[in-house]
Amino acid sequence: MKEIKIKIKDLTLHYGQKLALNNICLEIPDRRVTALIGPSGCGKSTFLRTLNRMNDLIPSARISGEVLIDELNIYDRNIDVVNLRKRVGMVFQKSNPFSKSIYENVAYGPRINGINERKVLDEIVETSLKRAAIWNEVKDRLRDSALGLSGGQQQRLCIARTLSVNPDVILMDEPASALDPLSTSKIEELIHQLKEQYTIVIVTHNMQQAARVSDYTAFFYLGELIEFGKTKTIFTNPTIKQTEDYITGRFG
Amino acid sequence: MAENTRFTAESLKKKFRLSEFLAEKFITGIAFLSITIIVLIFVFVFREAIPLFRTGKAKEVAVKEQVTKINEGLKPESYGDTVNQASPVVVTNKPAPQAYDEDVIRQVENKKALKTLNTATWQPVSDNPRYGLWSLFFGTLKVTLIAILIAAPLGILAALFTSAFAPTWLREILKPAIELLAGFPSVVIGFFALMVMASFFQDLFGYASRLNAFVGGVAMSLAAIPIIYTITEDALSSVPATYKEASLALGANHWQTAFFVTLPAATPGIFASILLGTGRVFGETMIALMATGNAALLSANPFESVRTLAATIGAEMAEVVYGDTHYSVLFLIGALLFIFSFGMNALAEFYIKGRLMKRFMGR
């Protein structure tokens, strides 16, 4: 096993009275793709959102336990959430580009970090778009509205936007669930390329996708982490019956 | 039962349901009634203004003759403003041309009035009445501008605060509280402006006329703020949460998200709110009547008294002779107000439509 990037210790999360995550312990390896699978409502998206503290936005959410990124507990009192989120980027299920131009969408991240120099911005925009494998499609229309792009292009633009602030970790919440197979395969290809540089955690409903893109897989059920291991092992030889049932489609 | 549930031509036959029919017709009727009423008001205002433009070119010669005749002795039958030169006794015994005379005199007056419309002097009640609309028009613009310059930033920032920064419990108090202000009777705001604000601002700035465009503008902004606030707040809270999340996930803090993502995304709604607020101020009568001083001066100084279009109608309509030139001019002002606010709403509608199209179709 490679170096550990994120270490989760006894993570428990309540929404009001409802227990959403129960005592999760997990170690996410560096520069690998980790897939989170499980039926709807099992807590995998909630878990993903604890990794960059997006759950802070929900007033009723209560969290206990530790999430260590590079040995640093992100739920520590002294952690600045804004800086944390710069290092842990997120791509959402529904592509959500701002109603600005393509250029401005990608430049937004650097801009709010105080980069205003035209040249630097141009460079960041270009490299981000290139890394997100969308540069060739949009290089002639950077000034056009981002909402004129197709769904798949919008999603890759969102990935480019996430890359623009140079994070270490990228969280993806079902990034391809609303896309056609062609766009999906592009996104998957992209994930393959990105894992050279980034630690990726991806939530997916699509079992084949998890098998295709991920190196490690975690199976969640009813707020509990049932099984975690190498994707190959999980899909071919799971140790726990529930996992096997889910993967073979017997429930969920 | 069994018969009813079976699929037969009989059970699926079209049925006439009386209550459904009646309810539908009733609702349709009410809707058309309200539309009809609005159209009728429109028609009425314009109809009353139109006689002003009847100056009868063909009759011009006849008018001149008539006027000389009148000057020679028929004076007593004339009306309104020309009476002052007349002897109190009715001299004539020619009954036939009376109605005609009245009409002709009115047309002569109309002609004079039309010539004065494009001036800055508003002196409708004088020997030589002048109906210059410019001072009224300019005064209205001045007050509107002052009111919007105060109301727009306050309303928008307050809305931004409630939608982006205020904790839930505070939002639940603030929003209804400010919306309550929208239902505030404007006469109460006017009264407050007249008694309290006017003196306060005079003490503060030390200008000469106690009631002026500035005091009126500030008072009217109190009427416009709730409108701007409410609509802006709605626009801001309807910005999809995913936008905010995307921004926050990039490491933006709350105020950056509010100013650079939420606010731009809500621009069409904010624009609409400002236009609606402008419309409210533009047509506001009671506050203008009470707080602006009502002197028809043409001046750029915000601390001079002004007379607005709406206040002019409010102040003079009750004292005017039915059907005379002054009356028609007041209706002309009414028609102008109508056209302005109509134009403003149309602008809002089309601008927003165009803008939304551009944004959401990506054109």
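Of the 25 residues of H8 in chain B, 21 are buried (under 20% relative accessible area, with exposed meaning over 50% and partly exposed in between, for a 1.4 Å probe and protein chains only), so this helix is largely enclosed by the rest of the structure. The model is a predicted one, in which local features need pLDDT of at least 70 and side-chain atom pairs count only at pLDDT 80 or more, while totals for chains, interfaces and linings use all residues. Side-chain values use heavy atoms, with hydrogens and water left out, residues are numbered from 1 along each chain as its sequence is written, and chains are lettered from A and ligands numbered from 1 in the order in which they are written.

H8 of chain B covers residues 213-237 and reaches 35 Å from its first C-alpha to its last, close to the 36 Å expected, the expected span being 1.5 Å times one less than the number of residues. At B:Ala223, shortly before B:Pro226, the helix has a kink of about 35 degrees, where the bend is the angle between axes fitted to the seven residues ending at a residue and the seven starting there. At the start of H8(B), a side-chain oxygen of B:Asn212 comes to within 3.0 Å of the backbone nitrogen of B:Phe214.

Chain A contains 10 helices and 10 strands, which are DSSP runs numbered from the N terminus (helices H or I, at least four residues; strands E, at least two). Of its 252 residues, 55% count as buried.

Two residues of chain A illustrate burial within helices. A:Arg156 lies in helix H6, residues 151-163, and counts as buried at 4% relative accessibility. A polar atom of the A:Arg156 side chain lies 2.9 Å from the backbone oxygen of A:Ala133. Leaving aside neighbours within four places in sequence, A:Arg156 is in contact (heavy atoms within 4.5 Å) with residues including A:Glu137, A:Lys186 and A:Leu190.

A:Thr243, in helix H10 (residues 241-247) of chain A, counts as buried at 0% relative accessibility. Beyond its neighbours within four places in sequence, A:Thr243 is in contact with A:Phe219, A:Ile226, A:Glu227, A:Ile234 and A:Pro238.

As for the cysteines, A:Cys25 is partly exposed at 44% relative accessible area, whereas A:Cys158 is buried at 3%. Over all chains the structure holds 0 disulfides, a disulfide being a pair of cysteine sulfur atoms within 2.5 Å.

Methods: A polar contact is a pair of N or O atoms within 3.5 Å; within protein, one must be able to donate a hydrogen and the other to accept it, and residues adjacent in sequence count only if both atoms are side-chain atoms.
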